[in-house]
Amino acid sequence: MEIQKLYDLDDIEFEDIAIGLVRLAKDIPAHEFFFKINQTNNLNFSRKKDLVFHGGYYDYFFPRFEAYHKFSKTYFTFISNKSSESKQKKVQTELFTEEENIKFLLNNQVDVEYILHSSEQFPDFSVILLPENLVFPIQDYTLSSEEELYQIIQYYE
């Protein structure tokens, strides 16, 4: 007997992911930022295992914070856009490599502090009350399936 294929990966259409870009108005440490968010919401953001990006010369670690919203039954995840730590895997012998010891998940958005992701297909980030005078309004952003960050988020989901 042959085993029937349930799906063919070539036939699957990958849908875009809606994320939010969070820019801080003040430079404050992550623990203070999430303390203030937890105070103003019925959410309890806590640190989860870091998102790890494996580069050619470095492994980059990006802090993640996650909370569950009971009423909407949704998980919300904040991922730091800037790596907090990097571990060198091998010595750079080339003169002009494009890899440095600091990495941004969104290279074209270096002013973004956090990437906000939801377990919902069409997320509503307005359920998270952000501290006044600390955060600019969340900017909606769409990731296509060709982008590297899309693959990373799918892996950690």
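**Close-up 1. Contacts of V112.** V112 touches L21, V22, R23 and N81, leaving aside residues up to four places away in sequence; contact means heavy atoms within 4.5 Å. This is a predicted model: local features need pLDDT of at least 70, side-chain atom pairs count only at pLDDT 80 or more, and totals for chains, interfaces and linings use all residues. Residues are numbered from 1 along each chain as its sequence is written, and side-chain values use heavy atoms, with hydrogens and water left out. V112 sits in the loop between β5 (85-88) and β6. Strands (E, at least two residues) and helices (H or I, at least four) are DSSP runs, numbered from the N terminus. V112 counts as buried because its relative accessibility is 2%. Buried means under 20% relative accessible area, exposed over 50%, partly exposed in between (1.4 Å probe, protein chains only).

Close-up 2. F33, F34 and I37 are buried in α1 (residues 30-40). Seen down the axis, the buried residues fall within an arc of 90°, so they line one face of the helix. The arc is taken from the directions from the helix axis to the C-beta atoms. On the other side, H31, F35 and Q39 are exposed. The cover over the buried residues includes β1 (17-22), β3 (58-69), β4 (74-80) and β6 (114-118).

**Close-up 3. The largest nonpolar core.** This core has 20 residues, and I19, L105, L143 and L149 have the most contacts inside it. A nonpolar core is a set of buried Ala, Val, Leu, Ile, Met, Phe, Trp, Tyr and Cys residues joined through side-chain atoms within 4.5 Å. α2 gives the most to this core, with 4 residues.
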